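Trainee: I would like to go through the labels on this model and ask what each one rests on.

Mentor: Go ahead, one label at a time.

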Amino acid sequence: MSDQEMDVEVEPEEGAPAVAELDPETRARRDAALRHVRKFGDPVLRTTALPVERFDAALASEIERMGELMHDALGIGLAATQLGVLHRVLVYRAYADDPITALVNPVIEWSSQETETAEEGCLSLPGVHVEVQRPAQVHVRALDATSKEVRVQAEGLEARVIQHEIDHLEGVLILDRISVERRREAMAAMREAMGEAALLA
Ligand code: ZN
């Protein structure tokens, strides 16, 4: 497993087009969605999110909006933190044919000793693609939008994206899970990407 990306850029399908090759409409929708995503430097990304206590219509619409933005941004996962909402809520869809899953107040109850290393990106870190080592399997307990208990036993890309998004709820970024040297390279790549974005805006 390599070249998989989290809440970033392109769905990890074989032959998925590079961003530069997206048709103009898809690209415009993606750019519009990305404008809602908080980027590196925003202190919210370093803040611990709070448990959800009210399972009401506002939560349901928050979750629906997260799913739409994730879809439009061509991401496979999104944490509420990335939209500046400090709720312990994440959405993901590891594989294109799967429905979108929402996890509220997720807790990792078990993770495997076995780890896997694969490339991750992040919608909040433009231009950053780094190899991240994580437990290969996790068991997660959470609630859905209606406060019904959800249990997920995940492996592969699904396990990876869930762990990446739960990290966001703790204020942790993939930059924290790599060596100092790799981080220096990632920061340079991000400065370049964010500089370009600023020039295009
Ligand atoms: Zn991310």
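**Labels and their grounds**

Mentor: This is a predicted model. Start with glutamate 120, which lies in strand 4, residues 115-121.

Trainee: Why is glutamate 120 called buried?

Mentor: Buried means under 20% relative accessible area. Glutamate 120 has a relative accessible area of 0%, so it counts as buried.

Trainee: What makes the pair of glutamate 120 and arginine 134 a salt bridge?

Mentor: The cut-off is 4 Å from a side-chain nitrogen of Lys or Arg to a carboxyl oxygen of Asp or Glu. For glutamate 120 and arginine 134 the N to O value is 2.7 Å, so the pair qualifies under that cut-off. Glutamate 120 is in strand 4 and arginine 134 in strand 5 (residues 129-135), so the pair ties together parts that are 14 residues apart in sequence. Both residues, glutamate 120 and arginine 134, are buried.

Trainee: How many salt bridges does the structure hold?

Mentor: There are 16. One of them joins the side chains of glutamate 109 and arginine 141, at 2.6 Å from N to O. This pair links distant parts of the chain, with glutamate 109 in strand 3 and arginine 141 in strand 6, 32 residues apart.

Trainee: What makes glutamate 181 and arginine 182 a salt bridge?

Mentor: Their side chains meet at 3.7 Å, N to O, and the limit is 4 Å. Glutamate 181 is partly exposed at 47% relative accessibility, and arginine 182 is partly exposed at 39%.

Trainee: Which residues do salt bridges with shared partners join into one network?

Mentor: Glu120, Arg134, Arg160, Asp167 and Arg177.

Trainee: What makes strand 6 and strand 3 a pair?

Mentor: Two strands pair if there are at least two bridges between them. Strand 3 (residues 101-111) and strand 6 have five, and they run antiparallel. In that pairing, tryptophan 110 stands opposite histidine 139 of strand 6. Strand 6 is also joined to strand 7 (residues 149-155), by seven bridges, again antiparallel. There, glutamine 137 has glutamate 155 as its bridge partner. The two form a hairpin with five residues between them, and serine 147 in the turn has a positive phi of about 75°.

Trainee: Which side chains of strand 6 point to the buried face?

Mentor: Val138, Val140 and Ala142.

Trainee: Why is lysine 148 called exposed?

Mentor: Exposed means over 50%. Lysine 148 has 54% relative accessibility, so it is exposed. Lysine 148 is found in the loop between strand 6 and strand 7. Leaving out residues up to four places away in sequence, lysine 148 touches Ala142 and Leu143.

Trainee: How do you know that the buried residues of helix 1 line one face?

Mentor: The buried residues of helix 1 (residues 24-34) are Thr26, Arg30, Ala33 and Leu34. Seen down the helix axis, they fall within an arc of 95°, so they line one face. They pack against helix 2 (57-72). The face turned away from the buried side carries the exposed residues Pro24 and Glu25.

Trainee: Which residues have the most contacts inside the largest nonpolar core?

Mentor: Tyr92, Leu103, Val152 and Ile162, in a core of 19 residues. Strand 2 (89-92), strand 6, strand 7 and helix 3 (156-169) each supply at least two of its residues. Helix 3 gives the most, with six. Apart from this core lies another, of 18 residues, among them Met66, Ala73, Leu83 and Val104.

Key
Residues are numbered from 1 along each chain as its sequence is written. This is a predicted model: local features need pLDDT of at least 70, side-chain atom pairs count only at pLDDT 80 or more; totals for chains, interfaces and linings use all residues. Side-chain values use heavy atoms; hydrogens and water are left out. Buried means under 20% relative accessible area, exposed over 50%, partly exposed in between (1.4 Å probe, protein chains only). Helices (H or I, at least four residues) and strands (E, at least two) are DSSP runs, numbered from the N terminus. The arc is that of the directions from the helix axis to the C-beta atoms. Contact means heavy atoms within 4.5 Å. A nonpolar core is a set of buried Ala, Val, Leu, Ile, Met, Phe, Trp, Tyr and Cys residues joined through side-chain atoms within 4.5 Å.
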